[in-house]
Each structure stands twice: as structure tokens, then as C-alpha cells.
Amino acid sequence: MLTNYLKVALKVLGRRKFFTFISLFGISLTLVVLMVAAAILDNVFAPRQPESRFDRVLGLYVFGMYGPNGGITSSPGYKFLDRYVRGLPSAEKTSLFTSQSPIVMYHDGRKVETHLRRTDGAYWQILDLQFLEGGPFTEQDNQNASFVAVITDDMRRKLYGDVPAVGKTLDVDGQRFRVVGVVPPVSITRLAAFSEIWAPVRTLKSSDYERQMFGNFAAIVQARSRADFPKLRSEFEQRMAHFVFDDPKTYNRVEAGLDTPFELAARSMVGNDAKVDRATTLRLIILLAALLFVTLPTMNLISINLSRIMERASEIGVRKAFGASSRALIGQFVMENVLLTIVGGAIGFVLSLVALDALTRIEIIPYAIFEVNLRIFAYGMLIAALFGIISGVYPAWRMSRMNPVNALRGGAA
Amino acid sequence: MIKHLLKLVWNRKRANALIVGEIFVSFLVIFAVLTGAITLIGGWRAPIGFDYRNVWDVRMDFDNAQEQTSPEMAATVMRMIAEVRAMPEVESAAISTTPPYSFSTSEGTRTINGREVSVLFDDVTDDFAEVMKLKVVRGRWFNATDDAAQQQPLVLDTNAARDLFGEADPVGQKWELDENQFGVVVGVVSSYRKSGEVSMPANMMFRRSAPNGRYGRLGNHILVRLRPGTPAVFEEKLAARLHSVAPNVSFRVRHMELMRDSMVRTRLAPIIIGGIVGVFLISMVALGLTGVLWQNVTTRTRELGLRRAMGASGGAVHRQILGEVALLATVALLVGVIVVAQLPILGAFSIVTPSSFTAGILGALATIYALTVLCGLYPSWLASRLQPADALRYE
């Protein structure tokens, strides 16, 4: 029976090539857009090298203080993180580091635009940057304020050409560092890992940062496992409940939290001060955007499918006249449509591989490698199948309600 | 004729509802993309109120969230700016908090007569007007005589002057900056668009930043205007000099031309992505529409054949089919225009100008009509070629 349906389906698809082309065109390109968007989101939010341990790492990047006359939302300062984040009982490791700041270097009379981040020693244990040369600096280096730096392979080539860099020096922001390690380039989408030059925190020019609640610092906390996240969060909440305000008249409420990368994105998009579940809100926004986007393709597919059915009115009339049930007819038509969408999905999949490869090549986001993994493929196929069912059910229902007498005559009513 | 077409369309309302829906959504998509693009193009040609050429931005890395700049920090910054000014390549230099093309903004909202008004702020020193070549149209810019002023001197741009004080002369007006803390407007400069060509005109208010940090925090950008023709290698010299004057300040030098480039790219990206997605959606709808109309003509062979047999010319059938398509489009567009017309009530004019809004609607209308008629051409041509005898025999 199934093979029979398949045969009919293939025949029908071959008969009206223009319609088949329109359907496949719509389905595959819709899927390309969705898959590319999904791959970019996946690239940004999923734990991956060098943040591959981020399935058990939470970060704090945003801190806000609020009062009756408004508030400040900013990145936290060292003092805040040192006092409220460092040493949480359930934490395995904690690292405090600055956000990457864009900086200009002058090297051999050339201007080199780059990024500098200052970190502590624990940073190198939480992130898994693979060293091509040398190694990371240690917490001891940081405590001694040693002028040592780790650079990316890309920087090495820009500064020194095709020679090993360890032991060479570089001048940045009026300071001279000795290179101790070289790592592969990091994508700008890795919020905690991205930089091109890393140096110890204590090499900062002034020690003012130690007294600041707001600044340009961030912290990442590694738990023993993902299961410890709730414990870690409640420990932090407890500390925040005992937050000491310098001037309770201006500010009397704090808002900060240990976030996964997705929760962090939600925090900055929905608002640090928002009183809603931010991650759920962002998920809904993304879902809504995707739904809005597929509205037109779906409507298009439905109207094409309706036209196809009218064309086959006499075939349906014959089947009905010989006693085929409505359910059998609906099943047949939906199956045909799912088959069509899966073919379209496969084309779309190949096209999105090409598109993602192109996006990686033109470096739309420097050093980001977009690829389709099994998870995205599964999502894509799921979307395609849903697409097929939704756009097939209504026309199939219309078809099954056709009056056999009219249908036999080829009429539409 | 139209009444007859309406009847025909109504008789096939279920099949047509989908087409109308599709055209409606396509209209919204085209409208959104067109309005965005027209706003951008319109803004591109309008004056921006300042001159970014030959200006470099020295962005210092000190904590800006503090309410008050420490006296030591203020002294260091003053030393840096004095050093910069002394260099022969430099024409002038000033301090700013949120300079043009920087992605940082400082914004406040206030309710005036029940209307919410938002204002962009920048805290600048007296030389800012000279560095950015602002044009004073009323009153005057800040100068040293303001040192003695009791209340913080303010300069508005023409947008802010109109929005905050209407037709009244803004010079001499007071403005509450903080609770019980007033500033006084001393002058008005021509419309100033902080993010340049890609931004909408907004209310801009400059607050005078006294060198001693009397009014709170000092900006962390030193803007430097260079003499025309200064070579790029001067940058290294400038950086070295600043490092020697202020060894404990981290900073970086950027050319404002490049800041402008990255601002333009950032604002252009969503329009380009929207455009690509829009073209894809519309081409899909166009193909679908052609398919559906074609199918329509085939199933209506007998009806059309009858018309031909009764003496209607091929051209009349041609016009009938095109008329039906145009009618469907009109229904969809009517709904679309009614929906879109609600947007200004929701405050759309804060992100697009009324003229680009209208142009967006008209452009989308024209595009949709052109597209639907184009899609109808081939099917209606097929219909007009039907031979009455064949058509009547058709099963």
C-alpha cells in the first residue's frame, strides 16, 4: 500500500513540474534561512572549543544597582566579583578577568588593531585553549604582575611573520610584554574566551580597579557538574541578599546572577532589571520570529497544494466512488506532502551547508566556524516535517470533503 | 464590470482568501524593508551637523560609571589634553562623553505637558564646537565666561530646541537636569545627529563640562582635530607622547572616519539581511501566485469558454482575469494599508520619518500591483487563447 502511495506521489510530482518546482523552491530556501539562523545561534550559545567546559560553567557579566531615582546597569568591577562571587562553596574554580578591550599597537611603524584581555591564572584552567607554542601564564605570574602575554597565532603572524613567538616581546598600550604562549584564533562570539592578546590582571596600569564595584570585569565559575548549578546559584543569591549598600538612599536593590551564555544574552536583551523569566522570554521571541518568518512560505505551500488537489479532482472522485474513506485520502495526501517537504528539506540541507561554508569563508564573524551538527540537522528535519504536515492537512481535508459526483466530473465545488 | 468581478471573486472566496492573505503579508514585508531603506537613504543626504574628517578619538579606559571623576583623574586628563594641544599637527582638542559614531549614548526622558520627550546628552568641554565644527544658529557656544555661572550651561540642537520649547526662544530657558538642579540654555546649534548619516534626527543636549570636573564626571574621550594632510604615522607619535604624560592611563586612538564606517556597517546589516529575506519571500509568493492563477484558469476552462462562445473577445477574457487579480490585490492592500496606518499611533515616527513612511506605503503598493499583474499575465494570456469549441468540450 505504502509503495503504491509512493508511486502515485512520484507520478503526481512529475506531472506538474512547475508546481513541484515552486514547492521545492519555497521549502528548501525557507529551510536554508532557518538552518543558517539556527547554526549561528548554536555557534554563539552552545559550549564549544575553547569554551568546551561551559556545560558546567556559569558567568557573571552584568551587575545593576537600583533605587528610587533610577539605577546603573554596567559590567561589574573587581571589588564586587572578589567579594560576592569568588569562593562560592560549590564552585570548583573561579576566574576574574577584564572584558576584551579593542586596542591599537604600533609595531615596526605599522598600526595593528587588536584586542587585549587581562586575566588571572584560573582562567587558563577553565577555558581549554590548545597551545600551539609555549603555555599559559600562571596565578603566580599574575600575583607577581609579570609582564607576560599569550597571543593568538594570527597575531604572531602579523607581528613576527612565520617564526616562533615565545620569548619575543610586544609593546601594547605603553607596556612591554614577553610572549609565553601562542593559541589558535578565537571567534568573537566566545564571550569569555575571545581576545587576541591575554595578559595578567595585575599588569593593569593602576590598581584603582580593586576598589570598584562597577568596571569592566567579568567572572566565570566552574561547577563540578551541571547538577550543581542550582546550588551555586542559591549560594550566590544568599550572598546578594546580604549585599552592603554604601548609600541605601540612592540604591537599595541589586540585580546580578550567574548565567549560561544564553541567559546572559537574555539578560542584556530583555533587561537586567526586568521582572520576567528572561531566558523564557528570549526563547519565545526567537520562536515567534521563526513562526512569523514561516507564515508566508506556509500560506504559499497551502495554496499551491489546494491548486494541486483541484487538478486531481477526478482521480479523487474515482477513489471516493470506489469507497475510499476520508481518512485514507487525507493520509495519502499528507504523506505525499511530507515526502515533498523531505525532498525539499534535503535540498535545503545541502544548500545551507553551502551557505554556511560561504559565511565562514567570507568571515562574516571573524574566526567563527559555522557548521551543521546533528542537532541542527535534526531541528531542520523536524521543521521540514512539521511544515509538510501543516501545509498538507488543510488541503487534504478540503479534498476529502469533495462531493464524489462533482469530483468525478472534474468540478471544484 | 467591477461588480461582476466582485461576484466572481466572492464565489471562489475560500481559494481566494489564501491569495489575499499572502498578498497582505507580502505587502507588510515590502513595506518594512522599503521604509527602512528609504529612511536610510533620506538620512544619508541630510546634513549631520558636524565634520568627522581629520578627527581622531582618544578613548581612555577609566571607569565611567562613577558619578564623580576624581580630582587626580581630572588633573591627568587635563595634562593629556594640554599636551595634545601643544603639538603642531593638532588644530584643537576637546573632551566628550559620548562622541559622534561611538556606540555609547546617554539618554534621559522627561514628561512635558503629558508628552514623553527623550533627550540625548553629551558632556563636552568648550573646544568641542571647534573640533567638530558645529554651527551655532542662536545664542552662543560655551566659553570661559561660563566658569562663573551658577547653573550648568547647556546648548541644544535645533531638534531639541523645537521639541522642548516649541516656538519660544530657547536661549535663557531653564531645564531640570536632576532633582532641583537646573541648567540654563545659552545657545542652539544646527541639527546634530550623533550617529551620523544612518541615524534619525534626535534631541541633542550638550552640557558644559568644566575642566575642574565641577559638574560631575568628565568624559573619557579626547577628540583631536588635526591639520589637514597630517600623515597617519603621527598617530604613533601622539600615542607615545600621551603614554609618557599619563603612564597609568590605558587608551586607544581611533580615526573618526573608521568609527563612521563601522557605524554604517552596523546599521546597514539588518536592512541588507531584511532585503535578502524579503526578496526570497516575495519571489516565492510570485511563483506561487503564478501557479495558482494558472491552475485557476485551467479549472475554469468551461466558464471562460462559454464567455468566448457568447462573443467575448480574447482581450476581454484577458482583461477579466487581470481584473480579478487586481481586485484580489486591492482587497489585500486595503487591509494592509489600514493595518500599517496604525503604526504612527504606536510611535513609529520615532524611528522613521513621516515622508519615508508614506513613501514606503506607496512603494509597497506599486510593487505589489506590478507583481500581481505580472504574475497574472501568463495565465490570462493562456485563458485568452482558449478556443470556444475546445473549451466547451473540455472535461
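The following legends describe close-up views of a predicted model with chains A and B.

**View 1. The largest nonpolar core and the residues at its centre of contacts.** The largest nonpolar core comprises 72 residues. Within this core, B:I23, B:F27, B:I30 and B:A332 have the most contacts. The greatest contribution comes from helix α2 of chain B, residues 13-45, which supplies twelve residues. Apart from this core lies another, of 59 residues, which includes A:F80, A:M155, A:L159 and A:L232. As a general background, nonpolar side chains in soluble globular proteins tend to be buried together.

**View 2. The contact between chains A and B.** Chain B contributes 33 residues to the contact, and chain A contributes 38 residues. On the side of chain B that touches chain A, the elements giving two or more residues are α2, α6 (234-245), β11 (251-255) and α7 (256-299) of chain B. Helix α7(B) gives the most to this side, with eleven residues. Sorted by class, the side of chain B that touches chain A holds 17 nonpolar, nine polar and seven charged residues.

**View 3. Helix α8 of chain A and its packing.** Helix α8 of chain A spans residues 261-270, and A:P261, A:L264, A:A266 and A:R267 are buried in it. After α8(A) comes A:G271, which has a positive phi, near 115°.

**View 4. An open three-stranded sheet in chain A.** The strands of this open sheet are arranged in the order β3-β2-β13, and their pairing is antiparallel. The edges are formed by β3 (70-74) and β13 (253-256) of chain A; each has a single partner strand, so one side of each is left without a neighbour in the sheet. From one strand to the next, the twist averages 15°.

**View 5. The pairing of β2 and β3 in chain A.** Strand β2 of chain A, residues 63-67, pairs with β3(A) in the antiparallel sense, and five bridges join the two. In this pairing, A:G67 stands opposite A:G70 of β3(A).

Key
Residues are numbered from 1 along each chain as its sequence is written. Chains are lettered from A and ligands numbered from 1 in the order in which they are written. This is a predicted model: local features need pLDDT of at least 70, side-chain atom pairs count only at pLDDT 80 or more; totals for chains, interfaces and linings use all residues. A nonpolar core is a set of buried Ala, Val, Leu, Ile, Met, Phe, Trp, Tyr and Cys residues joined through C-beta atoms within 7 Å. A residue is buried if 20 or more other C-beta atoms lie within 10 Å of its own, exposed if 12 or fewer, and partly exposed in between; C-beta atoms are placed from the backbone. Helices (H or I, at least four residues) and strands (E, at least two) are DSSP runs, numbered from the N terminus. Two residues are in contact if their C-beta atoms, placed from the backbone, lie within 7 Å. Ala, Val, Leu, Ile, Met, Phe, Trp, Tyr, Cys and Pro count as nonpolar, Asp, Glu, Lys and Arg as charged, and the others, Gly among them, as polar. Two strands pair if DSSP finds at least two bridges between them. Axes are lines fitted to C-alpha atoms, for helices over the stretch in contact, and angles run from 0 to 180 degrees between N-to-C directions.
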